[in-house]
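This report covers selected side-chain contacts and strand pairings. The structure is shown first.

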Amino acid sequence: MSAPVVEVRGAPATSLETPRVHTATSAIAVAAELAASFAEGSALRDRERILPVAEVEALSAAGLLALTVPVEYGGPGLGAAVLAEVVRLVATGDPNIAQIPHSHFVYVNALLEQGTEAQKVFLLGEVLAGKRFGNAQSEIASKHVRDHATTLRRDDAVSGDWVLNGEKGYCTGALFAHWIPVLAHLGEGGPLHVAWVERDAEGVTVIDDWNGLGQRTTASGTVRLADVRVASGRITPYHLTFERPQTYGSFAQLLHAAIDAGIARAALRDAAAFVTTRSRPYPDAIALYDVEGAAGDPLIVKAFGEIELQVRGAEALLAEAGRAVDRARAELTAETSADASLAVAAARAATTAASLEASSRLFEVAGTRSALASDNLDRHWRNARTHTLHDPAAWKVQHLGRFAIDGTLPPRNGQI
């Protein structure tokens, strides 16, 4: 399905009051409640490519996008393990909605890593008020994923300020954002920095041209930046993050794993619902085991057990990875940072496999009727296949293997 190419200017309208601040228990409960409501319209939104504008607003209104704002800045200060479970739950309802704020949380983390005190006070205050961060990071025309042509150059008109030019792709969250963090060189060939750009700033154009086979309603399209003026106080170092032990990369990858775990659980849930209500038993199962419905077929029961086992394993590794990130944050060293990265690598490899397996075997256990386009159950596989391409699972296994053989620690970057 091809997406319409739509240029959108201006930040999304919002009439939010100050969102709720949550405890871990209430955040998880609210996420589960929202996930159930998101699931009801997920098939229709995917089929018709209806962007989840109201649903994203609901996340903001519920205060879920402010969960990681530290207590000292007025937030609940919840950790990575809680957030991973929140994201996983939302993804069971609709993984598109879970992916849209991924960069929001990552750039809150970037702000906490390298932002000035003034930047933290202001921008975290925006988050607490319900404002959303998007993302303008990757560049489709680059030779590899860490190449960037987008550059901040000195503003001749205003001393000390900068002018930003470039084009970014895969800009998940930008269409729904109030602020778009832009990854750019500070000066020609200079170090990478984050430019905090208002969504409705002059020269910013968000283009809804995303046409992926899955994750269709994330609006992960293009952002064009033409002579966008950026005050010096709205620029944060990015390159410094990786010059010391950090959890920036493991935190970002953890949330990706949570989305895949949610897809896996949703595929299994929908397969079970289909088998118990609509599938017909195979004749041999009737003849040999006298079953009354497909759910009684021992081969189907065995298959469900195998899928459940794989999904549970992935969920357990996800939970442990979240705890590892939290442990590293509490006592940050080269070793704890590496432990977090390896734990998240294991979770990402497991959730990748589980989401693809569950969404594919869904049809094996549910039978021919489940392939009808009217049910749109193939969206689970399309979502899994699309989202799991963010980073190759094989490289997660490679780093785990090197560590197992000779203790080699994983590299310090945003991909692990």
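In this predicted model, the side chains of Asp270 and Arg379 form a salt bridge, with an N to O distance of 3.5 Å. This pair connects distant parts of the chain, since Asp270 belongs to helix 7 and Arg379 to helix 11 (residues 378-387), 109 residues apart. Asp270 counts as buried because its relative accessibility is 15%, under the 20% cut-off. Arg379 is also buried, at 7% relative accessibility.

The structure holds 29 salt bridges. Another of them joins the side chains of Arg265 and Glu308 at 2.9 Å, N to O. Arg265 lies in helix 7 (residues 248-277) and Glu308 in helix 9 (residues 298-330), so this pair ties together parts that are 43 residues apart in sequence. Glu308 is partly exposed, at 23% relative accessibility.

Within helix 9, Glu320 and Arg323 are 3 residues apart, about one turn of the helix. Their side chains form a salt bridge whose closest N and O atoms are 3.2 Å apart. Glu320 is partly exposed, with a relative accessible area of 28%, and Arg323 is partly exposed at 42%. Salt bridges with shared partners also join Glu85, Arg88, Arg265, Glu308, Arg312 and Glu315 into one network.

| Salt bridge | N to O distance |
|---|---|
| Asp270 and Arg379 | 3.5 Å |
| Arg265 and Glu308 | 2.9 Å |
| Glu320 and Arg323 | 3.2 Å |

Turning to the strands, strand 3 (residues 162-168) pairs with strand 2 (residues 151-154) in the antiparallel sense over 4 bridges. Here Val163 of strand 3 is the bridge partner of Arg153. Strand 3 also pairs with strand 7 (residues 222-230), again antiparallel, over 6 bridges. Glu167 stands opposite Arg224 in strand 7.

Definitions and conventions. Residues numbered from 1 in each chain as written. Predicted model: local features only at pLDDT ≥ 70, side-chain atom pairs only at ≥ 80, totals over all residues. Heavy atoms only, no water. Pairing = 2+ DSSP bridges. Helix = DSSP H or I, 4+ residues; strand = E, 2+ residues; numbered from the N terminus. Salt bridge = Lys/Arg side-chain N within 4 Å of Asp/Glu carboxyl O. Buried < 20%, exposed > 50% of the residue type's maximum accessible area, 1.4 Å probe, protein only.
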